[in-house]
Amino acid sequence: MCDVASALMAASSAVSFAGQVSATNAYNAQASVAHRDAEIAATNKYNDLQRKYTYDTKGVNQEGYKAALKGRSEVASGIASAGAAGIAPGSLTLDALINAANQTTAENENRIQAKRDDMQDALRGNMESVRAEAQQRINSTPYKEGPNPLGLAINLASAGANAAVNAKLIDKDTFGSF
């Protein structure tokens, strides 16, 4: 009777261990899916941010191109107007007009470059936020380690030892002392 109890204890330990392994494997499979989904979502967000940055950069570049053309046009108009008014090339008045137009053009170029720099900094910050969000999602579903096989071995050894002890007790009771 005791051998049956020991055998049942050993079988229960083995079944419990197998169930724990199965549950851990199922959980880890779900964690892998969650990790992959977080990486895919981050990639999609990166792509969206990059598309927006490219679109916005084109607009700023166009703005810079228009500002440069406007500056050149102002210089050309100033030279033409000065010539029509009889102001000699190289005169202080004409040079001052050209310098003022060039200064405005340079200020516009600096403003456009500052916008580009701000946009690039914003892109880096947004991408870092996306990366942190993805990492947080991954960290929220960590992989689990399976049950320790040493525990199963100890339970099986214990069941075997109990069976051996019980077998000796039965023999002793049945046959008496030697």
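In these legends a residue is called buried under 20% relative accessible area, exposed over 50% and partly exposed in between, with a 1.4 Å probe and protein chains only. The model is predicted, so that local features need pLDDT of at least 70 and side-chain atom pairs count only at pLDDT 80 or more, whereas totals for chains, interfaces and linings use all residues. Residues are numbered from 1 along each chain as its sequence is written, and side-chain values use heavy atoms, with hydrogens and water left out.

**Figure 1. Overall fold of the predicted protein, with three helices and zero strands.** Helices (H or I, at least four residues) and strands (E, at least two) are DSSP runs, numbered from the N terminus, and in that direction the elements follow the order α-α-α. Of the 178 residues, 21% count as buried. Among contacts (heavy atoms within 4.5 Å) with a separation of 6 or more, 90% come from residues 24 or more positions apart. The protein exposes about 12,300 Å², of which carbon and sulfur atoms supply 59%; accessible areas were computed by the Shrake-Rupley method with a 1.4 Å probe, and for residues only the protein chains shown count as cover.

Figure 2. A salt bridge is a side-chain nitrogen of Lys or Arg within 4 Å of a carboxyl oxygen of Asp or Glu, and the whole structure contains eight of them. Arginine 51 is exposed, at 52% relative accessibility, while aspartate 48 is partly exposed, at 43%.

Figure 3. Aspartate 121 is partly exposed at 46% relative accessibility, as is arginine 124 at 49%. Arginine 131, at 38% relative accessibility, is partly exposed, and glutamate 128, at 41%, is partly exposed.

**Figure 4. A salt-bridge network and a charge over a ring.** Salt bridges link Glu63, Arg111 and Lys115 in a network. Elsewhere, the charged end of lysine 144 sits over the ring of tyrosine 27, at 4.3 Å from its centre; the criterion is that NZ of Lys or CZ of Arg is within 6 Å of the ring centre and within 35 degrees of the ring normal.

**Figure 5. The largest nonpolar core, made of nine residues.** A nonpolar core is a set of buried Ala, Val, Leu, Ile, Met, Phe, Trp, Tyr and Cys residues joined through side-chain atoms within 4.5 Å. The members of this core are Ala42, Leu49, Tyr53, Val60, Ile112, Met119, Leu123, Val130 and Ala134. Helices α1 and α2 each supply at least two residues of the core, and α2 gives the most, with five. A second, separate core has five residues, including Val75, Leu94, Ile98 and Ala101. Apart from neighbours within four places in sequence, methionine 119 contacts Tyr53, Asp56, Thr57 and Val60.
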